[in-house]
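Dear colleague,

Please find below the structure that I am handing over to you, with its sequence. My findings follow directly after it.

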Amino acid sequence: FALLIIAAHLVAPASYSMVKNTISELGSQGYDYKAIMQTGFILFGLILIMGISLNEINLRTTPLLVYGFCVMLTGIFCAKPSLTATPFSSSEMQSILHPLFAQAAGIAFSIGILMQLFYTNSKKRKLIHFLFLIAIVGLSIAFLFLSDYPGAIQRLLYFVSLVWLAAFYKP
């Protein structure tokens, strides 16, 4: 996923700003290289779905399974165009579904961390999960107040999420 984000950045137009533009915009409607980021979202979602399904689906893992499905669906439904002058209607189904699934993914991920917090017996792990949960929720709230920096906030949010998934998530 991270490699495809980097690849998508390499072909992004000069007007693309990692601070102001989101990762979703690299897969937006009408953008010539949108397939790179769409593939990233879809593969990342599928990897999560398969990893959880091969282990055990239960109350503790279900929110992250939902997260995987929502991430995958953000790759299927493109964000509204921002990198091109593509004609676009805000009522277009893709432009409605992409942010809907992105928000649902964030909620599911937060619930997934919360479930890990409740299911672990280790006080140290509980603290770690709690701190990551605060970071995820705090960064999500930052979108509301730091509207000039959505790209930077989203990248930090993905970084924190990927660190938690790789280092602390135990199905």
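Helix H4 supplies the largest share of the lining of the largest pocket, namely ten residues. Please note that the model is a predicted one. The largest pocket holds about 910 Å³ of space. Its lining comprises 29 residues, and those closest to the centre are Pro99, Ala102, Gln103, Phe143 and Gln154. At least two lining residues come from each of H3, H4, helix H5 (123–145) and H6.

How do the axes of H4 and H6 cross, and at roughly what angle? The axis of helix H4, which covers residues 93–119, comes within 12 Å of the axis of helix H6, residues 150–167, and the two cross at roughly 35°. This crossing of H4 and H6 is left-handed. On the H4 side, the contact is made by Phe109, Gly112, Ile113 and Gln116, while H6 contributes Ser161, Trp164 and Leu165. Four residues of this contact between H4 and H6 are nonpolar and three are polar, with no charged residue among them.

I then considered individual residues, beginning with the loops.

Two residues of the loop between H1 and H2 may be set side by side. Ala14 is found in the loop between helix H1 (2–10) and helix H2 (34–55), and Thr22 also has its place in the loop between H1 and H2. Which of the terms, buried or exposed, applies to Ala14? Ala14 is exposed, because its relative accessible area of 84% lies above the cut-off of 50%. Thr22, in contrast, has a relative accessible area of 16% and is therefore buried, the limit for that class being under 20%. Leaving aside neighbours within four places in sequence, Thr22 is in contact with Tyr16, Pro150, Gly151, Gln154 and Arg155. As for Ala14, its C-alpha atom is 24 Å from that of Thr74, and the two residues are 60 apart in sequence.

Thr120 lies in the loop between H4 and H5. Its relative accessibility is 15%, so Thr120 counts as buried. When neighbours within four places in sequence are left aside, Thr120 is in contact with Arg125, Lys126 and His129.

Phe69 is located in helix H3, which spans residues 62–76, and Ser140 is located in helix H5. Phe69 has a relative accessibility of 38% and therefore counts as partly exposed. Ser140 is likewise partly exposed, because its relative accessible area is 32%, and this class lies between 20% and 50%. From C-alpha to C-alpha, Phe69 and Ala166 are 18 Å apart in space, with a sequence separation of 97 residues. For Ser140 and Ile36, which are 104 residues apart along the chain, the C-alpha atoms are separated by 25 Å.

Yours sincerely,

A colleague

Notes:
Residues numbered from 1 in each chain as written. Predicted model: local features only at pLDDT ≥ 70, side-chain atom pairs only at ≥ 80, totals over all residues. Heavy atoms only, no water. Axes fitted to C-alpha atoms, helices over the stretch in contact; angles between N-to-C directions. Helix = DSSP H or I, 4+ residues; strand = E, 2+ residues; numbered from the N terminus. Left-handed = near helix turned anticlockwise from the far one by under 90°. Contact = heavy atoms within 4.5 Å. Nonpolar A, V, L, I, M, F, W, Y, C, P; charged D, E, K, R; others polar. Buried < 20%, exposed > 50% of the residue type's maximum accessible area, 1.4 Å probe, protein only. 1 Å grid on protein atoms, 1.4 Å probe; cavity = no way out; pocket = protein on both sides within 12 Å on 5 of 7 lines; lining within 4 Å. Points joined across faces, edges and corners; volume = space filled by probe spheres on them.
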